[in-house]
Amino acid sequence: MIIDCHGHFTTTPATHTDFRAAQLARLADPSLPEPALSDPSDDAVREAIENNQLKMLRERGGDMMIFSPQASAMEHHVPDSAASQLWARTCNDLIHRVIRLFPENFAGVCQLPQTPEGSLGDSVAELRRCVEELGFVGANLNPDPSGGHWTSPPLTDEYWYPLYEALVELDVPAMIHVSASCNPNFHALGAHYLNADTTAFMQLLQGDLFGKFPTLRFVIPHGGGAVPYHWGRYRGLADRLGRPPLGEHVMKNVFFDTCVYHLAGVRLLHEVIDIDNIVFASEMLGAVRGIDPETGYYWDDTKRYVDQLGLSEDDRRKVFELNTRRVYPRLDAQLTAKGR
């Protein structure tokens, strides 16, 4: 079985994006009427999925995708907590509809209603709703709701503990995933996302979060940002800062996905990071779309790169399926109940 652990609904029906545009317009001008939520029809949702993510998943040999709202559209930098809560709920309900329409192919991960330096109470409540009522298997956690200004405490700070306690209690992981960049110095897709992946890892190295939450699990996407490429630097910094070796200190709880869009990068990821810490993903129809002119294949067809690594059958199963089922035990339980 091949499970893609990193997918976003980047092709939502127009009624969904129109609601968000109206919501933001009213925040800018309170004299405007409260926007009415117009749910897209099931046919519109089917068309958006069947002609995009599901089509490509099948063409590339995949079986299931762990699916969440569009990351760049979370827009946690908008400071209105009520608007963020409604937007997160709306996005998560749409993901739930995808799962209801295509239960064999998609599992849900939720957007949290974060705001810059805001309380995490709403995020904990939405996490519980999505996991306990909608059957979601994880969450996306934004370490920088400010959108490139980094006003939030580091991930090891007690500020985040209420959310971690809920993640541990529910036994679901969080993917570390920022949203839009509000800082013109950082291009959202080429700088902000990868900066955040790298920064999150360094924060975890500096602290002792997993000593306090030994069963907490994070997926750092986009191949772990710069971390595998500079693995020697991080090993050396752990030693210099008096931290335990990374294998003991961080890597029992942190996993990197394969959203790296060239063979040499995926090969480096495999050579540096233990096979048990790599989970297959593509983030298809995400940051990098279109066809690589050097290969003639889609940039985000990451299965092709993994296929060329020459992995043993046991290691292939780990990357494509077993590691993800271990990191997402609620998904494993759902699949097991279906005999998969």
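In helix α4, the residues S81, Q85, A88, R89, N92 and D93 meet D122, E126, R129 and C130 of helix α5, where contact means heavy atoms within 4.5 Å. The residues of this contact comprise two nonpolar, three polar and five charged; Ala, Val, Leu, Ile, Met, Phe, Trp, Tyr, Cys and Pro count as nonpolar, Asp, Glu, Lys and Arg as charged, and the others, Gly among them, as polar. This is a predicted model, in which local features need pLDDT of at least 70 and side-chain atom pairs count only at pLDDT 80 or more, while totals for chains, interfaces and linings use all residues. Residues are numbered from 1 along each chain as its sequence is written, and side-chain values use heavy atoms, with hydrogens and water left out.

Two packed helices are described by the angle between their axes and the distance between the axes. The axes of α4 (residues 81-101) and α5 (residues 121-133) come within 11 Å and cross at roughly 15°. Axes are lines fitted to C-alpha atoms, for helices over the stretch in contact, and angles run from 0 to 180 degrees between N-to-C directions. The helices α4 and α5 are therefore roughly parallel to each other; angles under 35 degrees count as roughly parallel, over 145 as roughly antiparallel, 65 to 115 as roughly perpendicular and the rest as oblique.

Helix α4 also packs with helix α2 (residues 42-50), at an angle of about 80° and with the axes 10 Å apart. That makes α2 roughly perpendicular to α4. Here D42, V45, R46 and I49 in α2 meet L94, R97, V98, R100 and L101 in α4. The residues of this contact divide into five nonpolar, no polar and four charged.

Eight strands form an open sheet with parallel pairing, in the order β1-β2-β3-β4-β5-β6-β7-β8; two strands pair if DSSP finds at least two bridges between them. The edge strands, each pairing on one side only, are β1 (3-9) and β8 (278-279). Three bridges join the parallel strands β2 (residues 64-69) and β3 (residues 106-110), and M65 stands opposite F106 in β3. Helix α4 lies across β1, β2 and β3, running at about 170° to β3. Helix α14 (residues 329-337) likewise lies across β1, β2 and β3, running at about 135° to β2.

The chain as a whole has 14 helices and eight strands, defined as DSSP runs numbered from the N terminus (helices H or I, at least four residues; strands E, at least two). Its C-alpha trace spans about 55 × 45 × 45 Å along the principal axes.
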